[in-house]
Amino acid sequence: MSAQSEFYARQSTLPSIGPAGLAKLGSSTIAVVGIGGVGSSAAYYLARSGVGRIRLIDQDIVEPSNLQRIHSSSRDDLYQPKAEVMSRILSEFDKSTELEPIVDTLTSGNSEELLKDVNVIFDGLDNFRTRYLLNSISIQRHIPYLFTSAVAEQAHLALFNPPESACLECVMPNVKDRFDESCETLGVAPGTTGLTGAIGADAAIRHLTGQSTRIADQIMTIDLAGPDVLFSPLAKNPNCPACQEAQTNEIRDSPNVTLLCGEHTANVLPTEELDIPLSQVSIDLPADKILGSSQSVLVFSQGAYTISLFRNGRVLIGGVDNENTASEIATEVWKVLRQKGF
Ligand SMILES: [Zn+2]
């Protein structure tokens with residue numbers, strides 16, 4: 001028995017998977033968008049289940065308050081991009097899964113390219129702004145979309161498969177991301193995020209191997225306080241804006257500056273795509289201000305702010321509460337870079 005067959009022996013013994021199911025998973029691609037507590041847990045179980053290719057998409061870095069729930073992370077991962085951290089963790093136990101870390105913001109401009117060849121979109125996000133974007137791609141490209149959310153002691157999961165079935169906006173339209181409903185204010189336990197990722201990964205695997213799952217036409221709510229599990233049916237809305245937009249292939253534009261939900265952090269997209277030599281930029285900074293660096297990001301403190309400068313010019317600013325301030329800080333960072341000839 002080869003090392004790989006041995007690794008997956010218990011899984012291929014499952015009648016619902018078998019050697020054929022394992023081969024099917026090996027030829028599948030899943031995009032996990034958002035590598036926080038839920039996304040990291042999902043990616044962990046998807047890789048261990050033999051999914052052939054996993055695209056790990058996340059714009060963020062690991063902060064001290066994230067370590068509690070990012071699966072298998074350690075203090076060494078602080079201030080490193082979440083997508084790269086998870087890619088490294090997953091590559092350590094089995095080489096048969098191809099891992100594609102994407103350290104970038106998913107926008108209306110790049111989402112089609114980043115999601116075009118995937119078999120399932122796994123949503124590990126914490127905001128509806130980006131979820132609606134995933135939903136639009138799901139409808140237009142006919143890619144099943146696995147919605148998850150985990151806040152406080154509750155988890156929600158649903159597998160949307162539009163246009164045949166309802167889409168996310170058919171059942172949850174016009175949801176505004178609210179600071180007072182985020183994990184920062186309501187909290188979340190690592191068991192809740194881990195469980196959500198594991199159940200979501202299992203549902204994705206069932207879908208890919210041609211099995212049914214109860215979350216395909218229903219939304220599952222788990223309340224860990226009971227624990228209680230509730231299923232609510234999903235119905236298509238004939239007036240759903242996302243389903244209607246899909247007929248004209250429209251995608252709503254992404255904003256250039258966004259406040260991340262409940263994190264006092266803003267993400268500012270560059271006005272033009274750059275290729276900044278981060279290692280050279282770091283030479284000019286006092287060593288005690290540098291919090292972390294990798295090939296794709298340089299994290300440093302500047303006064304009360306934590307600045308993450310990404311190679312393409314994107315700036316993530318920690319310690320801000322409004323978009324104008326974030327925009328001004330990013331513009332200043334770009335100005336200094338230009339003055340220094342980068
Ligand atoms: Zn819809």
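Mentor: Let's start with a term: a nonpolar core is a set of buried Ala, Val, Leu, Ile, Met, Phe, Trp, Tyr and Cys residues joined through C-beta atoms within 7 Å. Buried means that 20 or more other C-beta atoms, placed from the backbone, lie within 10 Å of the residue's own. This is a predicted model, where local features need pLDDT of at least 70, side-chain atom pairs count only at pLDDT 80 or more, and totals for chains, interfaces and linings use all residues. Residues are numbered from 1 along each chain as its sequence is written.

Trainee: Which residues have the most contacts inside the largest nonpolar core?

Mentor: Nonpolar side chains tend to be buried together in soluble globular proteins. Here the largest core has 89 residues, and Ile30, Val32, Ala43, Ile121, Phe122, Ala204 and Ile317 have the most contacts inside it. Domain 1 (3–248) and domain 2 (257–339), with bounds from an automatic or database domain assignment, both contribute residues, so this core lies between them.

Trainee: What is the order of the strands in the open sheet?

Mentor: Strands of a sheet pair through backbone hydrogen bonds, either parallel or antiparallel. Strands are DSSP runs (E, at least two residues), numbered from the N terminus, and two of them pair if DSSP finds at least two bridges between them. This sheet runs β9-β10-β14-β13-β12-β11, with antiparallel pairing. β9 (257–260) and β11 (290–293) each have a single partner strand, so one side of each lacks a neighbour in the sheet.

Trainee: Where does Ile317 sit, and what is its bridge partner?

Mentor: Ile317 is in β14, bridged to Ile307. Four bridges join β13 (residues 305–310) to β14 (residues 315–318).

Note on methods:
A residue is buried if 20 or more other C-beta atoms lie within 10 Å of its own, exposed if 12 or fewer, and partly exposed in between; C-beta atoms are placed from the backbone.
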